[in-house]
Amino acid sequence: MSTTPHPGTARASAEIDLAALRANVRALRARVAPGGAQVMGVVKADAYGHGAVPCARAALEAGATWLGTATPYEALALRAAGIDAPLLCWLWTPGGPWRAAIDADVDVTVSGLWALDEVTEAARAAGRPARVQLKADTGLGRNGCLPADWPRLVSEALTAQAEGLVRVTGLWSHFACADEPGHPSIAEQLARFQDMLEHAEKAGVRPEVRHMANSPATLTLPGSYFDLVRAGVAMYGISPSPELGTPADYGLRPVMRLSARVASVKQAPAGLGISYGHHYVTDRETNLALVPVGYADGVPRQASGRGPVLLGGAVRTVAGRIAMDQFVLDLGADTVDPGARAVLFGPGDDGEPTAEDWARAAGTIAYEIVTRIGQRVPRVYVGETDA
Ligand SMILES: *Cc1c(COP(=O)(O)O)cnc(C)c1O
């Protein structure tokens, strides 16, 4: 990784507002706590590009009681940073670091018998029980144990528990269409989860936590809270989908602001082709600003000719192709000085576009826009303490 320059002179930076993140966690807690549910801050994929360790700490400060990651290595990295809160990871492959997870007191997810076999073997070697959460596939059709295989998984997990090799600490599932309120799969999944819970509890499982809700369910479906909600994108102040409304509709505020400093400005004649493929040609004498970020930084090439950027008091549209490291804005009669700050997205209250605007321009979802911001862009943390 390149040396991180001083934030003030950096080519580009992603400013991460930890005060906003904490406020978002408090807003989510206020929504679920009256029903007795806790909040898990999901910090997988480097906290959706925001930085896992600082975001995990901020989430805990604001009252999240659990953390969640996809891979075990993401979970172990949090432990290595000294974070000792309850922590669940869910995306395992054969031969994964079961022993390290047990030693680090990380809850592991088991979706099938192969994983139960591997974790019990690791627990035997560790000489202590693994904390295991069983995952049900109630209709996402991805990871998780299907209803037909559930009785056997539950019974073998209870056998391993009786032998002192595991403790079944959780039962959980994940929605397919929670971002489409009223989608028939939502009620079906909830009913199936209730059945699978009932089966496990009748068989003798006494979970510490039962959970199903992601951000869209947390924002729209109080009947899905159980003991814990797993909130990812909402914690970063992004609405799970434009159809659900804006972040502000839910009392949330975007946490990331991505900006870059203009590398050069030049006066150009009419008829100049801009960037690879000449998909944009100046139609008059004009001023061009070079913005030194590109798809290597996570700015989606798909948004070529469409991505919005606030520069010099106006929102401009990317002129021509977004290249690996740079793109061009056509300022017309306006101009800026080199070094001026171009804001690609942020909370939106200074007139800058939002990650949602970029998602629309790139034909994707805002989750992907923030998560893909590359390692070459330094994260600059602000709001580390409440003022
Ligand atoms: C990513 C993820 C979440 C968080 O989803 P959001 O929609 O970002 O809240 C919750 N649970 C699981 C299993 C996930 O993979």
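Mentor: Buried means under 20% relative accessible area. Keep that cut-off in mind for this predicted model.

Trainee: Why does Tyr48 count as buried?

Mentor: Tyr48 has 8% relative accessibility, and the limit is under 20%, so Tyr48 is buried. Tyr48 lies in helix 2, residues 44-48.

Trainee: Which residues do ring pairs link into a cluster with Tyr48?

Mentor: Tyr236 and Tyr367 are joined with Tyr48 by ring pairs. The count of aromatic pairs comes to 6.

Trainee: What makes Phe193 and Phe226 an aromatic pair, and why is it called edge-to-face?

Mentor: A pair of aromatic rings is described by the distance of the centres and the angle of the planes. The centres of Phe193 and Phe226 are 5.1 Å apart, and the limit is within 6.5 Å, so the rings pair. Their planes make 90 degrees, and edge-to-face needs over 60, so the pair is edge-to-face.

Trainee: How do you know that the pair links distant parts of the chain?

Mentor: Phe193 and Phe226 are 33 residues apart. Phe193 sits in helix 8 (residues 184-203), while Phe226 is in the loop between helix 9 (215-220) and strand 9 (228-231).

Trainee: Why is Phe226 called buried?

Mentor: The relative accessible area of Phe226 is 17%, and buried means under 20%, so the label applies. Phe193 is buried as well. Phe226 also has a positive phi, near 45 degrees, in a residue other than glycine.

Trainee: Is His199 buried, exposed or partly exposed, and why?

Mentor: His199 has a relative accessible area of 33%. That value lies between the 20% and 50% limits, so His199 is partly exposed. His199 is placed in helix 8.

Trainee: Which residues does His199 touch, not counting those up to four places away in sequence?

Mentor: His199 touches Trp150, Pro151 and Val154. Along the chain, His199 and Pro151 are 48 residues apart, yet 7.5 Å separates their C-alpha atoms.

Trainee: What makes Asn287 buried?

Mentor: Asn287 has a relative accessible area of 11%, and the cut-off is under 20%, so Asn287 is buried. The residue is part of strand 14, residues 286-291. Leaving aside neighbours within four places in sequence, its contacts include Lys266, Gln267, Leu329 and Thr335.

Trainee: Now the whole protein. How do you know that its radius of gyration agrees with a compact globule?

Mentor: For 387 residues, a compact globule would have a radius of gyration near 21 Å; the protein has 24 Å, which agrees. The C-alpha atoms fill a box of roughly 80 × 45 × 45 Å, taken along the principal axes.

Trainee: How many helices and strands are there in the protein?

Mentor: The protein has 11 helices and 19 strands.

Trainee: What share of the residues is buried?

Mentor: Buried residues make up 53% of the 387. The protein exposes about 16100 Å², and carbon and sulfur atoms supply 51% of that area.

Trainee: What share of the contacts with a separation of 6 or more comes from residues 24 or more positions apart?

Mentor: Such residues account for 67% of those contacts.

Trainee: Where do the mean positions of the positive and negative charges lie relative to each other?

Mentor: The mean positions of the 35 positive and 41 negative charges are 2 Å apart.

Notes:
Residues are numbered from 1 along each chain as its sequence is written. This is a predicted model: local features need pLDDT of at least 70, side-chain atom pairs count only at pLDDT 80 or more; totals for chains, interfaces and linings use all residues. Side-chain values use heavy atoms; hydrogens and water are left out. Helices (H or I, at least four residues) and strands (E, at least two) are DSSP runs, numbered from the N terminus. The radius of gyration is taken over C-alpha atoms; the globule rule is 2.2 Å times the number of residues to the power 0.38. Buried means under 20% relative accessible area, exposed over 50%, partly exposed in between (1.4 Å probe, protein chains only). Contact means heavy atoms within 4.5 Å. Accessible areas come from the Shrake-Rupley method with a 1.4 Å probe; for residues, only the protein chains shown count as cover. Lys and Arg count as positive and Asp and Glu as negative; His and the chain ends are not counted. The place of a charge is taken as NZ of Lys, CZ of Arg, CG of Asp or CD of Glu. Rings of Phe, Tyr and Trp (its six-membered ring) pair if their centres lie within 6.5 Å; planes under 30 degrees apart count as stacked, over 60 as edge-to-face and the rest as tilted.
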